[in-house]
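Work through the exercises below with the sequence and the model side by side, trying each task before reading its solution.

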Amino acid sequence: VQLQASGGGLVQAGGCLRLSCTASERTFSNYHMGWFRQAPGKEREFVATINWNGGSTYYADSVKGRFTNSRDNAKNTMYLLMNNLKPEDTADYYCAASRLYSRSRAEYAYWGQGTEVTVSS
């Protein structure tokens with residue numbers, strides 16, 4: 001499956017952004033999906049995951065309560081609504097697809113290109 005992430009940009013601290021991840025296949029609903037991010041000089045880290053039908057989500061502690069992960073299988077699209085953004089949220093954000101519902105980067109076989117998020121203080 002091919003994934004296309006979009007929606008990044010420059011925002012002030014306290015602001016919000018919504019990222020989208022669109023899949024190329026109608027089999028999108030066969031996959032559990034995740035968001036990861038990578039800041040300059042740091043390793044790629046888990047942000048959020050959502051199961052195949054959107055009924056279950058899990059978040060990294062650093063974003064819990066601020067980010068909301070959702071999906072619309074009819075549109076082959078996943079979303080990440082990011083509220084109350086902080087400078088430490090600055091990173092390239094990647095969406096990924098997996099056959100497993102997992103927080104582990106290694107379980108994700110398909111990756112989109114990153115979309116850059118910059119939060120100014």
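**Exercise 1: A charged pair and its network**

Locate the contact between the side chains of Arg 37 and Asp 89, and classify it.

Step 1. The side chains of Arg 37 and Asp 89 form a salt bridge, with N and O 2.9 Å apart; the term requires a side-chain nitrogen of Lys or Arg within 4 Å of a carboxyl oxygen of Asp or Glu. This is a predicted model, in which local features need pLDDT of at least 70 and side-chain atom pairs count only at pLDDT 80 or more, while totals for chains, interfaces and linings use all residues. Residues are numbered from 1 along each chain as its sequence is written, and side-chain values use heavy atoms, with hydrogens and water left out.

Step 2. Because Arg 37 belongs to strand 4 and Asp 89 to the loop between strand 8 (77–82) and strand 9, the bridge ties together parts that are 52 residues apart in sequence. Helices (H or I, at least four residues) and strands (E, at least two) are DSSP runs, numbered from the N terminus.

Step 3. Arg 37 and Asp 89 are both buried, where buried means under 20% relative accessible area, exposed over 50%, and partly exposed in between (1.4 Å probe, protein chains only).

Step 4. Arg 37 also meets Glu 45 in a salt bridge, at 2.7 Å from N to O. Arg 37 has a relative accessibility of 6% and therefore counts as buried, whereas Glu 45, at 36%, counts as partly exposed.

Step 5. Through shared partners, salt bridges join Arg 37, Glu 45, Arg 66 and Asp 89 into one network. The structure has four salt bridges by this rule.

**Exercise 2: The rings around Phe 36**

Which geometry do the rings of Phe 36 and Phe 46 adopt?

Step 1. A pair of aromatic rings is described by the distance of the centres and the angle of the planes. Rings of Phe, Tyr and Trp (its six-membered ring) pair if their centres lie within 6.5 Å, and planes under 30 degrees apart count as stacked, over 60 as edge-to-face and the rest as tilted. Searching the whole structure gives six aromatic pairs.

Step 2. The centres of Phe 36 and Phe 46 are 5.8 Å apart and the planes stand at 75°, so this pair is edge-to-face. Phe 36 is in strand 4 (residues 32–38) and Phe 46 in strand 5 (residues 45–50), ten residues apart.

Step 3. Phe 36 also pairs with Tyr 108, and since their centres are 5.1 Å apart and their planes at 75°, this pair is edge-to-face. Tyr 108 lies in the loop between strand 9 (91–98) and strand 10 (110–111), 72 residues from Phe 36.

Step 4. Phe 36 is buried, with a relative accessible area of 1%, and Tyr 108 is buried at 4%.

Step 5. Ring pairs link Phe 36, Phe 46, Tyr 58, Tyr 108 and Trp 111 into a cluster.

**Exercise 3: Charges over rings**

Which ring does the charged end of Arg 44 sit over?

Step 1. A charge sits over a ring if NZ of Lys or CZ of Arg is within 6 Å of the ring centre and within 35 degrees of the ring normal. The charged end of Arg 44 is placed over the ring of Trp 111, 5.0 Å from its centre.

Step 2. Lys 64 lies over the face of Tyr 58, 5.7 Å from the ring centre. Lys 64 also forms a salt bridge with Asp 61, their closest N and O atoms being 3.1 Å apart.
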